[in-house]
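Colleague: Hello! I have a structure open on my screen, and I would like to learn how to read it. Could you take me through a few features?

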Amino acid sequence: MSSTGSTYGDIHRYEPARESTAAAIAIVLLTVVEVVFVGLFTYGLVSGWGYSEIGNMYLGFVLAVIFIDLAFILLLYRKEFLPDVMIVKKRRRKWEDLYIREDQQYGTETLGNAWDQFKQAVYPYYKR
């Protein structure tokens with residue numbers, strides 16, 4: 001579904017999510033695996049596995065698996081359960097409001113308004 005609106009904030013394209021059952025089951029299974037690894041990491045941290053070299057590497061591996069599993073959960077959720085929406089944004093020219101304004105294209109006074117020059121140097125998008 002798309003619209004022909006071109007004003008700022010209009011929805012240009014909207015595709016609903018697929019919401020597949022296989023993705024929901026995969027997310028539930030990955031969440032169970034996540035809880036098991038978090039429990040294992042917590043048990044290892046409380047029992048002091050981090051004091052030995054091998055235990056410290058083991059805890060690091062378990063923590064890496066936790067974050068990778070979480071990444072897959074979020075990836076599946078984003079891909080299967082969030083709609084694809086494209087909105088119209090305001091386009092600006094590349095040079096607009098970056099470093100110079102149109103009234104300053106031929107230069108500025110050296111000691112003109114020092115406070116405005118300081119604001120322009122600190123915050124390049126400053127407008128009067």
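Modeller: Happy to, and please keep in mind that this is a predicted model. Pick any feature to begin.

Colleague: Which side chain meets Glu80 in a salt bridge?

Modeller: Salt bridges are read from the gap between a side-chain nitrogen and a carboxyl oxygen, which has to be within 4 Å. Here the partner of Glu80 is Arg18, with 3.8 Å from N to O. This pair joins distant parts of the chain, as Glu80 sits in helix 2 and Arg18 in the loop between strand 1 and helix 1, 62 residues apart. The structure holds 1 salt bridge.

Colleague: Are the two partners buried or exposed?

Modeller: For that, look at relative accessible area: under 20% is buried and over 50% is exposed. Glu80 has 11%, so it counts as buried. Arg18 has 56%, so it counts as exposed.

Colleague: How many of the residues count as buried in the chain as a whole, as a percentage?

Modeller: The chain has 128 residues, and 16% of them count as buried.

Colleague: What is the phi of Glu19?

Modeller: Glu19 has a positive phi of about 55 degrees, although it is not a glycine. You will find Glu19 in the loop between strand 1 (11-15) and helix 1 (21-46). Glu19 is exposed, because its relative accessible area is 53%.

Colleague: How far apart are the C-alpha atoms of Glu19 and Glu80?

Modeller: Glu19 and Glu80 are 61 residues apart along the chain, while 5.3 Å separates their C-alpha atoms. You can read Met86 and Asp10 in the same way: 76 residues apart in sequence, and 8.8 Å from C-alpha to C-alpha. Met86 belongs to strand 2 (residues 84-87), and with a relative accessibility of 34% it counts as partly exposed.

Colleague: Which residues line the second largest pocket?

Modeller: With a pocket, ask about its space and its lining. The second largest pocket has about 160 Å³ of space. Its lining is made of Glu15, Pro16, Ala17, Arg18, Arg78, Lys79, Leu82, Pro83 and Asp84. Sorted by class, that gives 4 nonpolar and 5 charged residues, with no polar ones.

Colleague: Which residues make the nonpolar surface patch?

Modeller: For a patch, look at its members and its area. Leu63, Phe67, Leu70 and Leu74 make a nonpolar surface patch of about 360 Å². To find one of these on your screen, go to helix 2 (residues 53-81), where Leu74 is placed.

Technical notes
Residues numbered from 1 in each chain as written. Predicted model: local features only at pLDDT ≥ 70, side-chain atom pairs only at ≥ 80, totals over all residues. Heavy atoms only, no water. 1 Å grid on protein atoms, 1.4 Å probe; cavity = no way out; pocket = protein on both sides within 12 Å on 5 of 7 lines; lining within 4 Å. Points joined across faces, edges and corners; volume = space filled by probe spheres on them. Nonpolar A, V, L, I, M, F, W, Y, C, P; charged D, E, K, R; others polar. Patch = residues over 30% accessible without salt bridge, like charges linked within 9 Å, V, L, I, M, F, W, Y side chains within 5 Å. Areas by Shrake-Rupley, 256 points an atom, 1.4 Å probe, with all protein chains shown as cover. Helix = DSSP H or I, 4+ residues; strand = E, 2+ residues; numbered from the N terminus. Buried < 20%, exposed > 50% of the residue type's maximum accessible area, 1.4 Å probe, protein only.
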